[in-house]
Amino acid sequence: MAAHTNSILIVDDDQEMRDLLKDILEDHGYPVAVVREGREALDHLERDEYLVVLTDLRMKGMDGTELLHELVQRHPACNTIMMTAFGTVESAVDAMKRGAFDYLTKPIKTDELLVTVEKALREASLRRELAHLRKQVNREYAFDQILGKSKPMREVFDLIRRVADSQANILITGESGTGKELVAKAIHFNSSRKEAPFIPVNCAAIPEQLLESELFGYVKGAFTDARSDKRGLFEEAQGGTLFLDEISEMPMLLQAKLLRAVQEREIRRVGATQSIPVNVRIFAATNLTLAEEVTAKRFREDLYYRLNVIEIRLPPLRDRKEDIPLLCNVLLHKMANAMGKLAMGIAESALGLLIDYHWPGNVRELENVIERAVTLAPGDIVTVEALPATIREANGERRLIEEGSERSLPMEEIERVYIKRILEKTQGNKLQAAQILGIDRKTLYRKLGDMKRSAS
């Protein structure tokens with residue numbers, strides 16, 4: 001017998017019960033196989049795949065408890081439903097603690113049977129899909145925790161693999177939320193330095209007066225609170241990688257000291273007279289265009305060329321929308337697991353909105369949206385209602401443009417509808433509406449006057 005997507009294996013030494021259960025389930029469209037005892041069930045499971053095993057608790061030979069133990073060990077993707085007489089409910093509850101999905105008490109009610117089996121099938125199906133997805137991701141689409149199957153991301157993966165064992169410094173660029181630190185970690189942990197430390201530093205989060213001592217350390221007496229010598233992050237990262245995030249925020253004076261460290265491969269603690277040799281690979285990241293910062297005299301040109309030996313540009317999520325279903329599936333599993341929920345799915349209409357959205361916050365924003373949706377979803381499917389209003393409304397604006405082009409409406413008509421919608425959104429606040437529309441208040445008042453006159 002070939003495996004079926006929704007196949008159920010019934011295990012019971014009572015032929016009348018086997019036949020009754022088989023008839024009920026087959027009448028409702030489920031593919032069913034029946035066996036008489038536990039060892040026969042295990043033989044079936046070695047040959048074919050089943051999503052659900054419906055087994056009696058008390059049977060001759062291998063009983064339901066023994067069978068459950070074997071199923072949990074050898075076929076963990078299969079959901080087991082125990083059947084028991086009223087007097088042995090405690091045993092069934094104990095079986096659930098050992099890994100059973102649920103239990104049914106005899107005499108079995110048809111409605112209860114169908115509801116329990118459907119829940120077990122749905123949960124097992126989702127779990128199997130996620131397991132398949134994870135295998136596919138690990139094989140084709142992922143590099144450590146970075147996910148993507150689009151052409152831009154495949155190019156990023158290829159570049160990561162090629163530069164991992166290089167000793168060259170790397171500049172990672174991309175908008176906020178694209179995963180620059182994940183890429184830095186992926187390179188480090190796939191390089192010959194993976195056993196040494198990976199030290200991340202957010203240059204924008206540390207006050208200017210503290211950043212130098214954090215990076216280079218200090219000696220006792222260098223300043224008022226320097227009561228003992230302190231190693232800096234360069235020394236902490238010895239033999240490994242120092243990741244300088246938001247490098248564009250580093251003060252110019254400190255850029256000169258960083259340049260020396262990169263060029264000479266040595267650092268000097270604050271207040272010290274002797275230099276310390278360091279063996280550190282530098283990864284820098286920014287969401288700005290550093291070449292433009294150099295032109296504007298906000299970033300040192302010599303440091304820029306030292307850091308930008310190899311550049312890895314991460315594409316924004318809006319430029320790789322084919323990755324969104326993959327990201328959603330993985331994030332749904334991650335969030336549901338963290339919240340102790342069953343495996344989650346997503347409605348096609350909700351997924352369509354996520355694909356259409358422009359994602360200014362990139363993957364980080366998507367992760368927040370999925371976390372919110374899993375939290376708010378009443379069941380195991382994320383629907384449109386669980387998505388933020390910003391995403392639902394963005395789709396409405398897109399439809400406005402599509403409808404306008406389909407009906408060949410003049411620009412003035414589309415503008416009129418759009419202005420009206422923005423005013424509704426701001427609850428009549430004209431200053432706020434003008435800011436959203438990108439015009440001044442006088443222009444908005446003039447347009448509203450024109451709209452009023454054309455309507456009269």
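Biologist: Which residues form one aromatic cluster?

Modeller: F189, F198 and F243 form that cluster. Please note that this is a predicted model, in which local features need pLDDT of at least 70 and side-chain atom pairs count only at pLDDT 80 or more, while totals for chains, interfaces and linings use all residues. Residues are numbered from 1 along each chain as its sequence is written, and side-chain values use heavy atoms, with hydrogens and water left out.

Biologist: How many aromatic pairs are found in the whole structure?

Modeller: The search of the whole structure gives six aromatic pairs. In the pair F189 and F198, the ring centres are 6.3 Å apart and the planes stand at 40°, so this pair is called tilted. The rule takes rings of Phe, Tyr and Trp (its six-membered ring) as a pair if their centres lie within 6.5 Å; planes under 30 degrees apart count as stacked, over 60 as edge-to-face and the rest as tilted.

Biologist: Is F198 buried or exposed?

Modeller: F198 is buried, with a relative accessible area of 12%.

Biologist: Let us turn to charges. How many salt bridges does the count come to?

Modeller: The count comes to 23 salt bridges. A salt bridge is defined as a side-chain nitrogen of Lys or Arg within 4 Å of a carboxyl oxygen of Asp or Glu. In general, side chains of opposite charge can pair when their charged atoms come close.

Biologist: Where do K151 and E155 lie?

Modeller: Both K151 and E155 lie in helix α6, which covers residues 151–163, and they are four residues apart, about one turn of the helix. Helices (H or I, at least four residues) are DSSP runs, numbered from the N terminus. The side chains of K151 and E155 meet in a salt bridge of 2.6 Å, N to O. K151 is exposed at 51%, whereas E155 is partly exposed at 45%.

Biologist: And which residue does R162 bridge to?

Modeller: R162 forms a salt bridge with D158, and their closest N and O atoms are 3.1 Å apart. R162 and D158 are also four residues apart in helix α6, which separates them by about one helical turn. R162 counts as exposed at 59% relative accessibility, and D158 counts as partly exposed at 37%.

Biologist: What is the N to O distance between D94 and R98?

Modeller: The side chains of D94 and R98 meet in a salt bridge at 2.8 Å, N to O. D94 is partly exposed at 32% relative accessibility, while R98 is exposed at 52%.

Biologist: Finally, how many disulfides does the structure hold?

Modeller: The structure holds zero disulfides, a disulfide being a pair of cysteine sulfur atoms within 2.5 Å. C78 counts as buried at 9% relative accessibility, and C328 is buried at 1%.

Methods
Buried means under 20% relative accessible area, exposed over 50%, partly exposed in between (1.4 Å probe, protein chains only). Helices (H or I, at least four residues) and strands (E, at least two) are DSSP runs, numbered from the N terminus.
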